[in-house]
Amino acid sequence: MPKLNNLYVFIDKLKWFIYDKVTSGWDALLWSVNAPVANTRVNADDTKIIIYVGEFLPPRIARLAKWCKKYESFTTILLCHERGFVEKYSNEDINYTILFRNKWHLKRIIRNLPAPYILHGFAPKSKYPYIALETSKKYHPASAVITDYQDVFVLYYGHDSTLSWLKDELPYEKLCFQKSDGIIAHSLEPAVARRMWEVKDKKKRLFFPLYADNDYFCSTPKSFTADDIHLVYAGGVMGSHRDKVHYGSVQFHWLIDYLAKQKIHFHIYPSPSILKADYIEYEQIAKENPYFHFHLAVSQQDLGKELSKYHYGIMPFFKVNSGQSDLKHKYATTLKMFNYVEAGIPILVSQDVRYQSWLVERYKLGIVIPTKEDFKDIRKLICAIPYDEQINNLYQNREKLSLKSHTSRLLDFYKQLQN
């Protein structure tokens, strides 16, 4: 089965590689003669324009669009690669969704869009945000260009990597840090990356953690008893066929085994963007293990309500399971933490993810788990503090980490860059 799943992953990559090569020649020719792109007409009226652009759509972008439009009048445009668009990550606050197929198609689209605008590139893959940046600066120089990072690739293994796709991406990442008018940092990683890329000029920067979406706050805690505990994980999962050095932190076979032996229920809601080859073995395990439950992916709009059915959200990311750098574990952040906050369920977080475990401790959002082996007797840690007390602490503090409380800072940042 692992070999077959590897084949499916390879075929998917090959399909998109061939598609890019076949279509690029045609779009390069159309670019050279300045041919317009069909179905890209935008009616912005008198509103400001934000263009979000990148290869793989993350869920944070539609959330930002929604909250920006709560306070100001914007026309929002999403430019996303056909391969990376996930409908469950979008919402009705994106006014126009335009999918591009290669870099020349993207350049053609940007050249013909109305300006000025705010170009908000989303990473961690930086190739297409940089191509958009370069095209925008040439044809619409009055527009502000931002690159937005949650994950930064140079932190995974430094400047050198044996992964060919990662080596290809790193030069674009450096260029985005050097040439963007501003950087939005959703974690502490971009501050470290700026030093690693030796970017000396002080770009305008905004530290803007992912934050919780107030619209999805749930306040209906599930009744708790020590003999019927349900833990839930929402996010990326990978099968055993994937490289353990890079993907080991999201391979959960060990955790399924640990929890089943304690008769603790473990639920997984996979990211809508993952390949079927990466979760098919989890579906099979769920058929055989009464304490493991693998669910269908759900949209961001429905995720909080779904997660609120359980007792704890978990972030079981330990360094012993992965070959990624200490810097990555120390400074990373994930949206799932804020999804758990929205759901109103306490968080069980690994001490190894230092920034995130610090947030959990500082705002009393849950319990920090010292080591992987502590999951062998997790009931002991869970029951050390009354569950009602854990819930009340979370409710009292989550407004401080919400989009409602912080969106004005993002809007001020946009204005600074446009002046």
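Begin by selecting K364, which sits in the loop between α14 (354-362) and β13. The model you have open is a predicted one. K364 is not a glycine, yet its phi is positive, at about 55 degrees. For comparison, most residues other than glycine have a negative phi.

Now select the whole sheet: six strands in the order β10-β9-β8-β11-β12-β13, open and with parallel pairing.

Next, pick out strand β8 (residues 230-235) and strand β9 (residues 265-270), a parallel pair with six bridges. Which residue of β9 is the bridge partner of V232? Select H267 and you have found the partner.

Is K263 buried or exposed? K263 is exposed, with a relative accessible area of 53%.

**The seven-stranded sheet**

Now move to another open sheet, where seven strands run in the order β3-β2-β1-β4-β5-β6-β7 with parallel pairing. Its edge strands, each pairing on one side only, are β3 (96-100) and β7 (204-207). Neighbouring strands here are turned against each other by 20 degrees on average, ignoring direction.

Zoom in on strand β1 (residues 48-54) and β4, which run parallel and are joined by four bridges. Select Y52 and you will see H120 of β4 standing opposite.

Helix α4 (residues 127-139) lies across β1, β2 (74-81), β3, β4 and β5 (144-149), and runs at about 160 degrees to β4. Helix α17 (residues 403-418) lies across β1, β2, β4, β5, β6 (182-185) and β7, running at about 175 degrees to β7.

**A cis peptide bond**

Stay with β4 for a moment and look at the loop between α3 (103-111) and β4 (118-122), where you will find P116. What kind of peptide bond joins A115 and P116? The bond is cis, with omega about 5 degrees. In general, most peptide bonds are trans.

**The cavity**

For the last stop, how many cavities of 30 Å³ or more are there? The count comes to one, and the volume of this largest cavity is about 50 Å³. To see the lining, select P59, A62, R63, K66, Y89, S90, N91, D213, Y216, Q300 and Q301.

Colour the lining by class and you get four nonpolar, four polar and three charged residues. Then colour by element: α2 (59-71) and α11 (300-307) each supply at least two residues of the lining. Which of the elements gives the most to the lining? That is α2, with four residues.

Technical notes. Residues numbered from 1 in each chain as written. Predicted model: local features only at pLDDT ≥ 70, side-chain atom pairs only at ≥ 80, totals over all residues. Heavy atoms only, no water. 1 Å grid on protein atoms, 1.4 Å probe; cavity = no way out; pocket = protein on both sides within 12 Å on 5 of 7 lines; lining within 4 Å. Points joined across faces, edges and corners; volume = space filled by probe spheres on them. Nonpolar A, V, L, I, M, F, W, Y, C, P; charged D, E, K, R; others polar. Pairing = 2+ DSSP bridges. Buried < 20%, exposed > 50% of the residue type's maximum accessible area, 1.4 Å probe, protein only. Axes fitted to C-alpha atoms, helices over the stretch in contact; angles between N-to-C directions. Contact = heavy atoms within 4.5 Å.
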